[in-house]
Amino acid sequence: MDQKERKPFALFPLLAGLLLFFAMSFSSPITAGATVAAYMDVQGNLHYIQGKSSRTNKKIAINRPFPRSTRESTPQIINTFIQAAATEHGIDPLLIKAIIKAESNFDPTAVSPKGAQGLMQLMPATARDLQVADPFDPQANIIGGTKYLHSLLESFGWDIELSLAAYNAGPGNVKQAIPNIPETRAYVVKVLDNYQSYQMKR
């Protein structure tokens, strides 16, 4: 047989391997974050390796961790945590709710560009000071955030506006008036608007 006539048949193993690869990709139950890699050895045989993408897993773990349980982040459960923390620290639960709305929009996995975490957006150092081991745990975050809010209210004579400014900008940046920081001024207005809105629905 002529050499030119034999060449097309040499492509059959490669084509068959490629078809098998695509079939595996669409039919195999691959878990989230899994990848399939293929390579050909010196004999022309195709091999497949299935594994997890460490890059994807790392991104999820650092940037947006999942709540420990989806049941812990339902509106009903979050409201229960808010009520308990409010009762313990003598704060209107609607004020806590207004802060959460402004800070994270009730997303337990929220992370700000500055690194604040969870429902009440606790900075890592603040969370440690408040003994919050897991800022992405809704209950722990609300307890810690409410405790911090209570300390600010006491420091500023229960002046809600100054306390909210301190919550946003840090107590060291707040004296006898809301600091002239656009972000902080907008934050105080936003929380107070949320607070008023919740009060009207009470």
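**A walk around helices H8 and H5**

Among the elements that cover the buried residues of helix H8 are H5, H7 and H9. Here, buried means a relative accessible area under 20%, with exposed meaning over 50% and partly exposed anything in between, using a 1.4 Å probe and protein chains only. Helices are DSSP runs of H or I with at least four residues, strands are E runs of at least two, and both are numbered from the N terminus. Before we go further, please keep in mind that this is a predicted model, in which local features need a pLDDT of at least 70 and side-chain atom pairs count only at pLDDT 80 or more, while totals for chains, interfaces and linings use all residues. Residues are numbered from 1 along each chain as its sequence is written, and side-chain values use heavy atoms, with hydrogens and water left out.

Let's step back for the overall layout. The protein has 9 helices and 2 strands, and along the sequence they follow the pattern α-α-β-β-α-α-α-α-α-α-α. Of its 202 residues, 35% are buried. A contact means heavy atoms within 4.5 Å. Among contacts with a separation of 6 or more, 42% join residues 24 or more positions apart.

How confident is the predictor in each residue? That is what pLDDT reports, on a scale from 0 to 100. The protein averages a pLDDT of 79, and 64% of the residues score at least 70. Over residues 3-9 the pLDDT stays under 50, and the model has 1 contact for them beyond four places in sequence. Over residues 19-44 the pLDDT also stays under 50, and here the model has 33 contacts beyond four places in sequence.

Back to H8. Because 7 of its 10 residues are buried, H8 is largely enclosed by the rest of the structure. The buried ones are Leu162, Ser163, Leu164, Ala165, Ala166, Tyr167 and Ala169. At the start of the helix, a side-chain oxygen of Asp159 comes within 3.1 Å of the backbone nitrogen of Glu161. This is a polar contact, a pair of N or O atoms within 3.5 Å; within protein, one atom must be able to donate a hydrogen and the other to accept it, and residues adjacent in sequence count only if both atoms are side-chain atoms. After H8 comes Gly170, whose phi is positive, near 95 degrees.

With a relative accessible area of 0%, Ala165 is buried. Beyond its neighbours within four places in sequence, Ala165 touches Gly170, Val174, Ile178, Pro179, Thr184 and Val188. The C-alpha atoms of Ala165 and Tyr187 are 7.6 Å apart, although 22 residues separate the two along the chain.

Now for H5. This helix is also largely enclosed by the rest of the structure, because 9 of its 11 residues are buried. Those buried are Pro93, Leu94, Leu95, Ile96, Ala98, Ile99, Ile100, Ala102 and Glu103. The elements that cover them include helix H4 (75-89), H7, H8 and H9. At the N-terminal end, Asp92 caps H5, with a side-chain oxygen 3.0 Å from the backbone nitrogen of Leu94. Asn105 follows H5 and has a positive phi, near 55 degrees.

Asn194 lies in H9 and counts as buried at 16% relative accessibility; leaving aside neighbours within four places in sequence, Asn194 is in contact with Ala98, Lys101 and Ala102. His150 sits in helix H7 (residues 138-155) and is buried too, at 18% relative accessibility. Its partners, not counting residues up to four places away, are His89, Ile91 and Trp158.

Finally, the largest pocket has a volume of about 540 Å³. It is lined by 24 residues, of which Glu103, Ala116, Tyr167, Asn168 and Glu183 are the closest to its centre. The elements giving two or more residues to this lining are helix H5 (93-103), helix H8 (160-169) and helix H9 (182-201), and H9 gives the most, with 5 residues. The lining divides into 14 nonpolar, 6 polar and 4 charged residues. Nonpolar covers Ala, Val, Leu, Ile, Met, Phe, Trp, Tyr, Cys and Pro, charged covers Asp, Glu, Lys and Arg, and the others, Gly among them, are polar. On a 1 Å grid over the protein atoms alone, a pocket is an open set of points where a 1.4 Å probe fits, with protein on both sides within 12 Å along at least five of seven lines, and lining residues have an atom within 4 Å of a point. Grid points are joined across faces, edges and corners, and the volume is the space filled by probe spheres set on the points.

Key
pLDDT = per-residue confidence, 0-100.
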